[in-house]
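Me: I have a model open and want to go through a few spots in it. Can you take my questions as they come?
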Amino acid sequence: MTYEYVPSGVCSRKYTFEIEDNIVKSCKIEGGCPGNLLGISRIIVGMPIDDIVEDFKGVKCGNKATSCPDQIA
């Protein structure tokens, strides 16, 4: 199933996930820091959603209250 998410408080604009059986099959991130977000999108492919949330939740970007990984979580 495909899910789209519009993050808040970060420079990325939209995340599109393809998820099957609680596993991320693909992830496309629009906007933001190209290298970092391409790396993140590659890392999470094949991971269970619960592991991604555990690893990424609460990660901050500089002085911001959130970050792209936190928004993915």
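Me: By class, what residues does the lining of the largest pocket have?
Reply: This is a predicted model. In it, the lining of the largest pocket has 8 nonpolar, 3 polar and 2 charged residues.

Me: What volume does the largest pocket have?
Reply: Its volume is about 180 Å³. The elements that each give two or more residues to the lining are α1 (34-44) and α3 (68-72).

Me: Which element gives the most to that lining?
Reply: α1 does, with 3 residues.

Me: And which residues lie nearest the centre of the pocket?
Reply: C33, N36, C61, C68 and P69, out of 13 lining residues.

Me: Is S12 buried or exposed?
Reply: Buried, because its relative accessible area is 4%, and the cut-off for buried is under 20%.

Me: What does the side chain of S12 make a polar contact with?
Reply: With the side chain of Y15, at 2.7 Å. Y15 also turns up in the largest nonpolar core, as one of the residues with the most contacts inside it.

Me: How many residues does that core have, and which others have the most contacts?
Reply: The core has 15 residues, and besides Y15 the ones with the most contacts inside it are F17, I44, I52 and I72. At least two core residues come from each of β2 (12-20), β3 (23-31), α1, α2 (49-56) and α3.

Me: Why would residues like that sit together?
Reply: In soluble globular proteins, nonpolar side chains tend to be buried together.

Me: Take I44. What does I44 touch?
Reply: Leaving out residues up to four places away in sequence, I44 touches F17, V24, C27, I52, F56 and I72. Of these, F17, I52 and I72 are also among the core residues with the most contacts.

Me: Changing topic: is E4 buried or exposed?
Reply: Exposed, because its relative accessibility is 57% and exposed means over 50%. E4 is found in strand β1 (residues 2-5).

Me: What is E4 in contact with, beyond its sequence neighbours?
Reply: K14, Y15 and T16, once neighbours within four places are set aside.

Definitions and conventions
Residues numbered from 1 in each chain as written. Predicted model: local features only at pLDDT ≥ 70, side-chain atom pairs only at ≥ 80, totals over all residues. Heavy atoms only, no water. 1 Å grid on protein atoms, 1.4 Å probe; cavity = no way out; pocket = protein on both sides within 12 Å on 5 of 7 lines; lining within 4 Å. Points joined across faces, edges and corners; volume = space filled by probe spheres on them. Helix = DSSP H or I, 4+ residues; strand = E, 2+ residues; numbered from the N terminus. Nonpolar A, V, L, I, M, F, W, Y, C, P; charged D, E, K, R; others polar. Buried < 20%, exposed > 50% of the residue type's maximum accessible area, 1.4 Å probe, protein only. Contact = heavy atoms within 4.5 Å. Core = buried A, V, L, I, M, F, W, Y, C linked by side-chain atoms within 4.5 Å. Polar contact = N/O pair within 3.5 Å; in protein donor to acceptor, adjacent residues only side chain to side chain.
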